[in-house]
Amino acid sequence: MAVTVAELSMTYRVPVRDTGLVAAARALVRRQYRDVHAVHDISFQIAAGQVVGFLGRNGAGKTTTMKILAGILHPTSGRVRVLGEVPWRRHNHYLRKIALIRGSQPIGDAPELTVLDSFRYQQVLYDIAEPQFRRNLAELSALLDLDSILQRQVRALSLGERMRAGLALALVYRPEILFLDEPTIGLDISAAKVIRTFIAEYSAQTGATVLLTSHSMADVESLCPRLILVDDGAIAFDGRRDELSALFAPAKLIRVTVTDDSPDLAQYGDVLQRDGNQWLLRVLRDEVPAATARILSRYAVADLSVEEPSLEHVMNQAYQHLRSS
Ligand SMILES: Nc1ncnc2c1ncn2[C@@H]1O[C@H](COP(=O)(O)OP(=O)(O)OP(=O)(O)O)[C@@H](O)[C@H]1O
């Protein structure tokens, strides 16, 4: 297993005080604290090469878990092994095998340098042998279309170019595990698509394991066959996307176009949309085979398709369910 997490818990101790000057003065002498249980008792495993979506509402505990896996935080309790290592020991050889990327992380620490100089600096920092460096850079340049900007100064790049270079810079030592925390946050549609395509190709080409948090369902839908849903610091679901749909969205959609005059398709399901002879029906999963068979036998059907509800709808249902339970 690339990642093993067992009974992991993380409690933050945060200072609290009442509002007002008196309370502020009192807090100087006697501080009071409150425990925030960000993550409690979570367990999961990820096999090498898997791309897993780590989802949940704001404050569910995703970033905290990622930070523990990346060795930034020491958990309160639990057992974690990533590539056989204990992350928070932060051994050099461990840190060279992983990357934690938060947000889109555009290149820019040294704006006077050229992009290639920045890569060279990273090469020294991560002690990457020359042949491997050249190979990795060539691969990343091809995937992220960097050839034309390698010789340019970082300060003169557009945001999109800095973002592509920043991503390549974070991966030039070819990490085996990527912890990606909202990698497309704040990006426009086409920039987000570049990142998504890149993540898929990087993982397919290098066999990297990816754990991805994102509130963008487009990211999750296109990249993650497996989803782990955290809620209030605990795991609420771990499985395939279709299993999540079946659990939280018990209906499918039937899209049908008929050529008959005024047929009454409302008897087969909830009518979500009707545009002339085109109907969109919501039908319970178990009833879909019988409903489609009846529609096909009774009407002149020009077109019929059965669709899964969108992931956005499924997640919305899941969050509503979790909020009320
Ligand atoms: N450094 C910290 N000190 C105290 N509490 C914290 C700290 N970091 C996070 N928390 C709390 O821990 C809980 C989980 O936070 P976390 O950032 O892991 O959530 P998240 O799922 O990543 O949320 P989001 O989707 O909003 O980024 C929240 O209640 C948060 O307020």
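**Group meeting: ligand shell, a strand and a helix pair**

Okay, by class the shell around the ligand has five nonpolar, six polar and one charged residues; nonpolar here is Ala, Val, Leu, Ile, Met, Phe, Trp, Tyr, Cys and Pro, charged is Asp, Glu, Lys and Arg, and the others, Gly among them, are polar. Bear in mind this is a predicted model: local features need pLDDT of at least 70, side-chain atom pairs count only at pLDDT 80 or more, and totals for chains, interfaces and linings use all residues. Numbering starts from 1 along each chain as its sequence is written.

Who's in that shell? Among them are Tyr 12, Val 36, Lys 62 and Thr 63, where a shell residue has its C-beta atom, placed from the backbone, within 6 Å of the ligand. Helix H2 (62-69) gives the largest share, three residues, while strands S1 (3-16) and S2 (32-46) each supply at least two. Helices (H or I, at least four residues) and strands (E, at least two) are DSSP runs, numbered from the N terminus.

Next, strand S10, residues 251-258. Six of its eight residues are buried, so S10 is largely enclosed by the rest of the structure; buried means 20 or more other C-beta atoms, placed from the backbone, within 10 Å of the residue's own. S10 runs antiparallel to S12 (278-284), joined by seven bridges, with Thr 257 partnered by Gln 278. S10 also pairs antiparallel with S13 (301-307) over six bridges, and there Arg 255 stands opposite Ser 305. Pairing takes at least two DSSP bridges.

Last, helices H5 (130-144) and H7 (189-206): they pack at about 145°, axes 10 Å apart. Those axes are lines fitted to C-alpha atoms over the stretch in contact, with angles from 0 to 180 degrees between N-to-C directions.

Key: Buried ≥ 20, exposed ≤ 12 C-beta atoms within 10 Å, placed from the backbone.
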